[in-house]
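User: Could you walk me through this one? I'd like to go from the whole chain down to single residues.

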Amino acid sequence: MKLRKQVTVCGGAIFCVAVFSLYLMLDRVQHDPARRQNGGNFPRSQISVLQNRIEQLEQLLEENHQIISHIKDSVMELTDTGAVSPSGHLPFRSANGSWVLPFDGRPTFLAVKPQDCQFAVGSHGQADVQMLDVYSLLKFDNPDGGVWKQGFDITYDPDEWDNEPLQVFVVPHSHNDPGWIKTFDKYFTDQTQHILNNMVVKLPEDPRRKFIWSEISFFSKWWETADIHKQEAVRKLIHAGQLEIVTGGWVMTDEANVHYFAMIDQLIEGHQWLERNLGVTPRSGWAVDPFGHSATMPYLLKKANLTSMLIQRVHYSIKKHFASTRSLEFMWRQAWDTGSSTDIFCHMMPFYSYDVPHTCGPDPKICCQFDFKRLPGGRINCPWKVPPKTVVEANVAERAHLLLDQYRKKSKLYRSKVLLVPLGDDFRYDKALEWDQQYINYQKLFDYMNSHPEMHVQAQFGTLTDYFNAVYKTHGVAQGTRPADYPVLSGDFFAYADREDHYWTGYFTSRPFYKSLDRVIESHLRGAEILYSLAVANARHAGMEGRYPVSDYALLVDARRSVGLFQHHDAITGTAKENVVIDYGTKLLRSLIGLKRVIINAAHFLVMKNKEFYRFYQTEPFLETDDRRATQDSLPQRTLIELDPAGPRYLVLFNPIEQERLCVVTVLVNTVRVRVLTEDGQTLPVQLSAQWSSASQMSAEGLLLCFNFDLLEKKKSRSEHGMSCCYSNILSSLFLFSALSSLVCLLHPQSIKRKDDPQEVKVQMQFVVYGTRPSKDKSGAYLFLPDGKAKVFSQLLYLRCLLTSQKALIESPLCNKHTKLQNGIMDGLSIDITTMVDIRDQTNKELAMRLVTDIQSGDVFYTDLNGFQMQPRRHYLKLPLQANFYPMPSQAYIQDSHHRLTLHTAQSLGVSSLESGQLEVIMDRRLMQDDNRGLGQGLKDNKKTANHFRLLLERRSTGNKVSNFPSILSHMTNAILNHEVLALPVLPKRRGIPPLQTFAPLKSILPCDFHLLNLRSIQSQDPHSPSPYTALILHRLALDCGQVRLSVSGLFKNLDLQLLQPMSLTLMHAGTPLANDSTISLDPMEISVFKLKLR
């Protein structure tokens, strides 16, 4: 210790001498008499002398920089030995005037013992079919299969059904996109309302008629305008089993780009609407149009108490393989499930599409003849040039036998003698004529088949659940139970290709501006839900419910539905018409404004020290929002805090996550004369920097003020903290700004080095550009069809940082790149990267960011599914380049036995690892043509887009078992990235600001692996007002940190728990209420929901 101090003193002395030398040299240059005489007109000889002196100065500066680095390291070593701040854990000024971030005795991060975390590396469930193995097995060739182009010739023995007749369920449906070619409202006006109006007339005409419906966003809009007679007709149809609501989500959600928070939220919104208006509990899932399928969806449906599900858009080679092994129906199990608790029965449709030509059997030329909307004289016909015929007595036998042949061939692909035949397409049954054409003609065919025993078939209209129930009954098992010999599958179904090498991997990135906006609004929605629930509960507890703006609940409902609408598989995917995208964006912006209002109203109530002083005025908000967006397609602008010497300004900080965070807070101020005080009067170190309007242009609108703040209630013991809404004072007074010490920035050009790891990891960043094919088929909103390998566009280097170092590292027509390194318990352990992308002047270009490292990852990399779970991927040379891209909603990583490098993202984008040690992210796409998938447009409405990432390097212990789960540090990094602290300025008041105090709602911190997914106020019968009940949604992350139990009654401060009841995911199925003092436990990866009554 003595030696270290001596080294530090010597280093300091050398530093002082060097600085003094610099001062003398500068002084000599400044006072040179020759320079004075020339009045600034230097001869060439003196200019060269000056240049030499400048070079000498630069050399001295570099040497001094090295000296400062050594001193910094010595100081850090001293603080590591346990040096403490004289004022607690806040940054403090040392004797030499520098600011030091102290070591506060806590570990660098949440400590988790390796022996406690067995789940991530333990043995996991065994499935008969692992999708990664299927990818390794298949050739992915595309031989001509005959009439079933992507399949094979199907034969059968006519006697096969003699002992057990074929049961056929024809399921009429109409797929209604809540926005695509038309806006949601335009579709409703032009088509959807007519479909539902016809439904309540045409289904009752014959009790044998059936119909299914999926999208509750449309159904609820129709219900609001339907008269009481139509509403009653719907209830009768549902009760009679003629109408079934399938899945019951607000939309048929995309499964690639969506976050599991939003997947759950839109499912809850749909199910809660059904429960309130129809008393319906969906039993079967129906997903015919999402462009690939995620393993997260079966888990969520299972948790919502659905027993069966159907999927359609799967790679044609995988469909062929599953058809050849009769594995198109399987139990879909989660990869981590060691038992069978997550199993759900899944039916995969075998052919190209969900339209009528591709659903009755393998030959679309024949099946098209049984789509009676295409009868001659109509607006659409059969591309195979053989039109349908009206069924009459003269042709019914021939027609029935022709159709039965297709039914039999299709049934050979499945393991039971029960067959599902969907009958519908996009926006079908909008005309009364089509109802008659389809139902009357099919009923004639069914009557003929059923009246001829020699045909050994029983055909009828059915709902989706009718079909599944028949399968279960045939095998003698209960609903949702695995029939004997049916395979168990784990994995997902990305990437999707519908033909040739046309991979639908472009939409993973298409319109990234709106993918980013969606996640910002999701974070606001979660924060608003939690704060609103807490504020209303505290208002009830204080007897002030009448004074609180409970009506803000209507803003929450509007935001839930707007966010839910955007999860539609043509919205968040970026695959809608330009005017439809504007409509989505307008709805999202309206919701964001409403959510900010909910947040500032709740925060206002919660931080009031004396609630008697609380007054709510709709026209006079207490707080300002943290930022504003001028239009739906503009980037946010920070709120300017105008400081006045006459008095202080106050700032409320809201930390939306349930864990403590020490982070850098950035606000916009109008003066350099500023200092920041905490609630108890302690001064915080600050850094002022320019706000940049471009890579080379400073903004004149204000200065960025950054300060470190620990969002933790200091006055209580360490166990009494959690999600907090606290405030600090911002005073307008003189503060001498001095250079802040460089703390934990251990970056070298093109490499990263962890402080606790002697080994450097090379990390080079490149920008690369893809073009599109010169052939007929080109990239578009859906498809990624590159013209070969990407061309390197530019490279960049990392630079050293201060407290918060922000540096523009590249200026180009395509992208400005910023890195920001922040000190803090969690912020400082990852590199903050923001790319400002603008490719509006490009033509048929796709911009990617590529990380090139020396990590020996081979051909394996990992991407997340919906921010919920990780999925191992493999780069296959046998597949085209575009087939190796996958969705990255929240993170992707590569690893070897020593290191793991994770790229966390705040917006969903497409990602791949095309070489060992590489990660590559597509950041934006500008494409001038349609890709022939129905949109009829290219992608030409690009916006200036801020893509936000964090790069996390972690050391792995030698000999570690391979884990497919993120570390607890990785989980927290992702939470910090996706849920930024909101800095809400208190508006000046003429009467002064009433006393404020920190609000920390949690009595005790949640266990490190528990995530509070939502605290959602449950609706009452009035959809725009809340009930007294709240849904607590918890997710236990994939770390098995021993036996973890949680006491809900001891969770919330100053509130009484009056009900604790386990519920299904969407609150439609209730368990037995628990004693209020019960403790609850969750298995790793489990999502659990509890109904609470808080007062």
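Here is a run of questions and answers on this structure.

Analyst: A quick note before we start: this is a predicted model, where local features need pLDDT of at least 70, side-chain atom pairs count only at pLDDT 80 or more, and totals for chains, interfaces and linings use all residues. Residues are numbered from 1 along each chain as its sequence is written, and side-chain values use heavy atoms, with hydrogens and water left out.

User: How many helices and strands does the protein chain have?

Analyst: Helices (H or I, at least four residues) and strands (E, at least two) are DSSP runs, numbered from the N terminus. On that basis, the secondary structure of the protein chain comes to 18 helices and 46 strands.

User: What percentage of the residues of the protein chain count as buried?

Analyst: Buried means under 20% relative accessible area, exposed over 50%, and partly exposed in between (1.4 Å probe, protein chains only). The protein chain has 1095 residues, and the buried share is 61%.

User: And among contacts with a separation of 6 or more, what share comes from residues 24 or more positions apart?

Analyst: Contact here means heavy atoms within 4.5 Å. For the protein chain, that share is 76%.

User: Is helix α17 largely enclosed or left open?

Analyst: Helix α17 covers residues 578-607 and reaches 43 Å from its first C-alpha to its last, close to the 44 Å expected at 1.5 Å a residue. That expected span is 1.5 Å times one less than the number of residues. Of its 30 residues, 23 are buried, so α17 is largely enclosed by the rest of the structure.

User: In the open sheet of 6 strands, why is one side of β3 and of β7 left without a neighbour?

Analyst: This sheet has mixed pairing and runs β3-β13-β9-β10-β8-β7. β3 (129-130) and β7 (284-287) stand at its edges, so one side of each lacks a neighbour in the sheet: each has a single partner strand.

User: Which residue in β10 does W332 stand opposite?

Analyst: Strand β9 (residues 329-332) and strand β10 (residues 344-348) run antiparallel, joined by 4 bridges. W332 stands opposite I344.

User: Which residues is D371 in contact with, leaving aside its neighbours within four places in sequence?

Analyst: D371 is in the loop between α11 (364-367) and α12 (396-411). At 0% relative accessibility, D371 counts as buried. Its contacts are V356, P388, R428 and Q438.

User: What separates the C-alpha atoms of Q764 and I752?

Analyst: Q764 is in strand β26 (residues 760-770), and is buried with a relative accessible area of 9%. Q764 and I752 are 12 residues apart along the chain, and their C-alpha atoms are separated by 9.4 Å.

Conventions
Two strands pair if DSSP finds at least two bridges between them.
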